[in-house]
Amino acid sequence: MKDFSKELTFKTSRSSGAGGQNVNKVETSVTVLWSVAESEFFNEYQKELIQRKLKNRINADGYLFLTVSESRTQLMNKNKAIEKILEFVDKALIVPKKRIATKPSKGQKQKRLDTKKKISDKKESRKFKF
């Protein structure tokens with residue numbers, strides 16, 4: 001996992017929801033922004049992969065953003081935001097293996113046909129014959 005946290009920029013805002021005076025006066029919610037195209041840590045292929053897989057989280061300006069307001073402190077929210085954005089990018093860089101199409105072997109085909117034949121004979125023997 002590459003640590004590109006030096007390229008991240010942060011914005012703070014007041015958290016929403018219940019909490020009384022603490023919510024109304026303290027900016028604990030943290031939004032982390034990262035410009036994917038301007039990153040020096042990744043090559044062009046990796047940047048394109050990140051942009052394709054995380055397109056729902058990238059805004060029109062090309063910034064990957066994430067807002068965290070889980071904790072009551074700004075520092076904890078900032079650490080969680082860094083952790084989450086690193087995790088998102090790490091998962092986006094994983095390229096799944098290509099599936100190799102295989103065919104059933106002759107033995108498997110024969111076993112399937114034998115089983116079908118047995119079941120067919122069993123059902124045939126249940127019928128009443130004149």
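Predicted model: local features only at pLDDT ≥ 70, side-chain atom pairs only at ≥ 80, totals over all residues.
**Lysine over a ring**

I started with lysine 78 and found its charged end over the ring of phenylalanine 10, 4.7 Å from the ring centre. For this I used the rule that NZ of Lys or CZ of Arg must be within 6 Å of the ring centre and within 35 degrees of the ring normal.

Residues are numbered from 1 along each chain as its sequence is written, and side-chain values use heavy atoms, with hydrogens and water left out.

**Aromatic pair**

Next I looked for rings of Phe, Tyr and Trp (its six-membered ring) whose centres lie within 6.5 Å; planes under 30 degrees apart are stacked, over 60 edge-to-face, and the rest tilted. I counted 1 aromatic pair by this rule. The partners are tryptophan 34 and phenylalanine 42, edge-to-face, with 5.8 Å from centre to centre and 70 degrees between the planes.

Are these two buried or exposed? Tryptophan 34 is buried at a relative accessible area of 0%, and phenylalanine 42 is buried at 7%. Buried means under 20% relative accessible area, exposed over 50%, and partly exposed in between (1.4 Å probe, protein chains only).

**Two helices**

Then I turned to helix α2 (residues 44-53) and helix α3 (residues 74-92), whose axes are 9 Å apart at an angle of about 105 degrees. Helices (H or I, at least four residues) and strands (E, at least two) are DSSP runs, numbered from the N terminus. Axes are lines fitted to C-alpha atoms, for helices over the stretch in contact, and angles run from 0 to 180 degrees between N-to-C directions.

I wrote down α2 and α3 as roughly perpendicular, the term for 65 to 115 degrees (under 35 is roughly parallel, over 145 roughly antiparallel, the rest oblique). Which residues make the contact? From α2 they are Leu49, Ile50 and Lys53, and from α3 Val89, Lys91 and Ala92. Contact means heavy atoms within 4.5 Å.

I found isoleucine 85 in helix α3, buried with a relative accessible area of 0%. Beyond its neighbours within four places in sequence, isoleucine 85 touches Phe4, Leu8, Val32, Trp34, Leu64 and Leu66.

My last stop was serine 35 in strand β2 (residues 29-35). Serine 35 counts as buried at 11% relative accessibility. With neighbours within four places in sequence set aside, serine 35 is in contact with Gly62 and Tyr63.
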